[in-house]
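Here are my notes for you to read next to the model. Have the viewer open and click along as you go.

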There are 2 protein chains.
Amino acid sequence: MIPGRVLDHIYSNQGRYIEELKAFLKIPSISSPEHAGDVRKAAEWILDRTKRLGFSGRIFETSENPVVFAEIGQHDDAPTLMFYSHYDVQPPGDLENWKTPPFYPDVRDGAIYARGAADDKGQLFCTLATIGSVMAIEGKLPLNVKLLFEGGEEMGSPGLEKFIREHIEQLKADAVLITDAPKYTRDIPAIYYGLRGGVAFQIEVRGPSTDIHSGMFGGAVVNPINALTRILGDIKDHRGKIRIPGFYDHVRDLEEWERKEMASIPFDGETMKKYLGINEFATEDGYTPMESMTARPAFDVNGIAGGYYEKGMLWSIPDKAGAYLSFLLVPDQDPEDVARHFEEYVHSRAPEEAVVKLSKVVSFDPVIVPRSSKVIRVAEKAIEYGFGRKPAMIRSGGGIGVAALIRKMLSTENIVITGWNDPEDNEHAPNEHFSLENFRKGMITTAAFMYGLADSKKRETTISVANDTT
Amino acid sequence: MIPGRVLDHIYSNQGRYIEELKAFLKIPSISSPEHAGDVRKAAEWILDRTKRLGFSGRIFETSENPVVFAEIGQHDDAPTLMFYSHYDVQPPGDLENWKTPPFYPDVRDGAIYARGAADDKGQLFCTLATIGSVMAIEGKLPLNVKLLFEGGEEMGSPGLEKFIREHIEQLKADAVLITDAPKYTRDIPAIYYGLRGGVAFQIEVRGPSTDIHSGMFGGAVVNPINALTRILGDIKDHRGKIRIPGFYDHVRDLEEWERKEMASIPFDGETMKKYLGINEFATEDGYTPMESMTARPAFDVNGIAGGYYEKGMLWSIPDKAGAYLSFLLVPDQDPEDVARHFEEYVHSRAPEEAVVKLSKVVSFDPVIVPRSSKVIRVAEKAIEYGFGRKPAMIRSGGGIGVAALIRKMLSTENIVITGWNDPEDNEHAPNEHFSLENFRKGMITTAAFMYGLADSKKRETTISVANDTT
């Protein structure tokens, strides 16, 4: 499926590629305003690299972090493949929980440890490295390639829709490969045909204009933390149902065939519970853990703060309290519709003596892509080639905003959503990592997908016997 | 009521006393483990001062912060008065909210600004300064005096009960003056005949063993913030009622005469709302703000934290979330009884997939002292002398743990609970202050109370005409 010398180049250059990945991971491209400079530095690092690979490209500004777009078109008759990954990363959280610092990449136990190693800089670089190996041996790629590398995915891609709308012609492609998801398990790679959507909010409740003595005033003055917990505390009931009126209106029920298929996919609950450090799953009543994680909506408060918890301060009513919270949505929920229901719910629960400010941070649609497209078949073969095992066709719990945007705005259904890291690689958690083996397998799979896609097009458009390049 | 030369000494030495108070306020005697050294330093500062005033005293260790106890007995036939104040202070909270740093006392606009200026180091020092002025002029006090200065009040006096139990004989007194409360309003001084009690908890909820990606696992893994808000959010309903079964069992209803008396005390709701920065009071249904603040129980979450709110981190399920919370109690509620009901409630609301740890931090009884004791009458006269206005007899919202302990353990009802600062002095809040005028008036009142008490005893025990020392 891949020219043998390309395969050899991939194997022979692993050490160099990992050193280069380290340099990339050293840039703390955290999706937050104070790291805007680092995000830009990462964008420039990528752009420089694509130029050295012969691409023409540039950095495009968006309302938030920039997008790197680059392309190379060496063929008139070959299909065009667009790769998508993102180069921004989650904040590292509490540094004390990291064994080695998040932006000092460390290779140990067969893996590279750093924030972004798996999600998603490691996977982005896997694409660049593969292109590098092909170019080094062949001087050209087997098809036309576009690279769409985003800098705001961890913020929910706030600037991406506008960018895509304004560059629709430039972004047109015959197939899109999104590598921003883990394998299903360490042993089983995956192709995701469904992704949850999401809508996230910041809520801030204000009470007195300054912290006041609860002993003196308690019972007669609104307490913003009390109010906030009252607003948030009953959103999900003890059966895992979300109690916001209208919330489930457009939730597409799981069909019997899909539940059966899901049940047939190996699910090692004990290992997952051990990895997560939980005694039991807390699923929605009547649904399995896998169904609850991928095909049912969810509600999580991601962060909350009020008063001085860390200092153990008692007998005080703080001036304010706030939370970040998010809903995961499934087809056919509409984030705008859910946001409206949620806003109404908040206002029905908020005490009139407090000032409640609700700001929508981000939203993106859930998506389901056709499972029978030609590119999916090519991807299945490439993954089986690279990982030695047929991928599971599954739905993912984590939304990748771009998938719905690309489907809707580029009007293409030829989308493959996949990725090369293990689910235990601590994405969004301390000690994130990416195994060196998965990195190499990911490169081989990426090359196999490029050659496979070019080849399938040839088969379609010529009557000559396809050239088996493996 | 006071020898004229003492009065003159008080007036003449204000500047010096304020300088000395500044030195005292500079010691950051915050009630928290990392400031144990500063708390001790404050204790030593006080002890040194009492020794220079001719007292014999020492620092007593408790299970928490030390107690300073000192006494002087120059009379066989005079009554013994014990003063109580505390020298520990609340944490300052967010330093950005302070116009001048909390431990760099600043005199401006007729007040001294610092953490502890009003609560309670300023009031403690007012007692010491008064004793200093009397001693400077007279060489002796008009009665025997004991000083009980506590270092753990802001933690809820955790070590005080044991200390009192072990020193009951030494602590015996004919009257106890507790200065750790504000005047009723800027214009109206107050004597408090009732204090709310309290019981406070730390609650910590643990979910997964590390932060995890909510997009991937949301809907199937317990979220500790969701669980915590669910536990806390419904404790108080929208009518201000606490919904914990059994909570109101022993709440003594306000009697009609008391509600009438409370209603007759001037209450400037508009000014208080402006001071607090609120649009409306949020009282318990059917009760006035004053009733709700002083004679009804209350529930407040004082601090809450989970995830990384400040960093705006989304799409994460944190490993834990926690809160500090407290109940204000009224007669005849028993903190232990309330704690039991609360623990049951928490366990009924906690999801079984989470680990909930509930720790009682502190508790103290509510108290009502007789309003018709002789010492109350003496205090009324002294306050009218010092402040030019008869004090209001009111109940306080804020618990002062020592009052109930003294009443119960020293079997005395001759307790006066009062104080000299204004209610707008930002106790437990940024920019705490104490007006210089109140400091001076507090000194004069303290002196008047000592002379008045000595004098009333003379009237009782001799038939000689009382010597009017004013």
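1. Start at Ser157(A), which you'll find in the loop between β6 (144-150) and α5 (160-166) of chain A. Check its backbone: phi of Ser157(A) is near 55°, a positive value in a residue other than glycine. Do keep in mind that this is a predicted model.

2. Now hop over to chain B for two peptide bonds. Asp119(B) and Asp120(B) are joined by a cis peptide bond, with omega about 5°. To find that spot, look in the loop between β5 (111-113) and α4 (121-138) of chain B, where Asp120(B) lies. The other bond runs from Pro331(B) to Asp332(B); this one is cis too, and its omega is near 0°. Asp332(B) sits in the loop between β13 (320-329) and α12 (335-349) of chain B.

3. Next, helix packing in chain A. Take helix α2 (residues 14-25) and helix α4 (residues 121-138) of chain A: their axes come within 10 Å and cross at roughly 135°. That angle makes α2(A) oblique to α4(A). As for handedness, the crossing of α2(A) past α4(A) is right-handed.

4. Which residues do the touching there? From α2(A) you get Tyr17(A), Leu21(A), Phe24(A) and Leu25(A), and they meet Lys121(A), Gly122(A), Phe125(A) and Ala129(A) in α4(A). Sort the residues of this contact by class and you have six nonpolar, one polar and one charged.

5. α4(A) has another partner: helix α1 (residues 4-12) of chain A packs with α4(A) at an angle of about 130°, the axes being 9 Å apart. α1(A) and α4(A) are therefore oblique to each other. Is the crossing left-handed or right-handed? α1(A) passes α4(A) in a right-handed way.

6. In that pair, Arg5(A), Val6(A), His9(A) and Ile10(A) of α1(A) meet a set in α4(A) made up of Ser133(A), Val134(A), Ala136(A), Ile137(A) and Glu138(A). The class tally for the contact of α1(A) with α4(A) is five nonpolar, two polar and two charged residues.

7. Zoom out to the domains. Chain A splits into domain 1 (4-195 + 366-462) and domain 2 (197-251 + 297-364). Their C-alpha centres are 35 Å apart. Where they touch, 10 residues of domain 1 of chain A are in contact with 11 residues of domain 2 of chain A. On the domain 1 side, that's five nonpolar, five polar and no charged residues.

8. How do the two chains relate?

9. Last, the place where the chains meet.

Notes:
Residues numbered from 1 in each chain as written. Chains lettered and ligands numbered in written order. Predicted model: local features only at pLDDT ≥ 70, side-chain atom pairs only at ≥ 80, totals over all residues. Domains from an automatic or database assignment. Contact = placed C-beta atoms within 7 Å. Nonpolar A, V, L, I, M, F, W, Y, C, P; charged D, E, K, R; others polar. Axes fitted to C-alpha atoms, helices over the stretch in contact; angles between N-to-C directions. Helix = DSSP H or I, 4+ residues; strand = E, 2+ residues; numbered from the N terminus. Parallel < 35°, antiparallel > 145°, perpendicular 65-115°, else oblique. Left-handed = near helix turned anticlockwise from the far one by under 90°.
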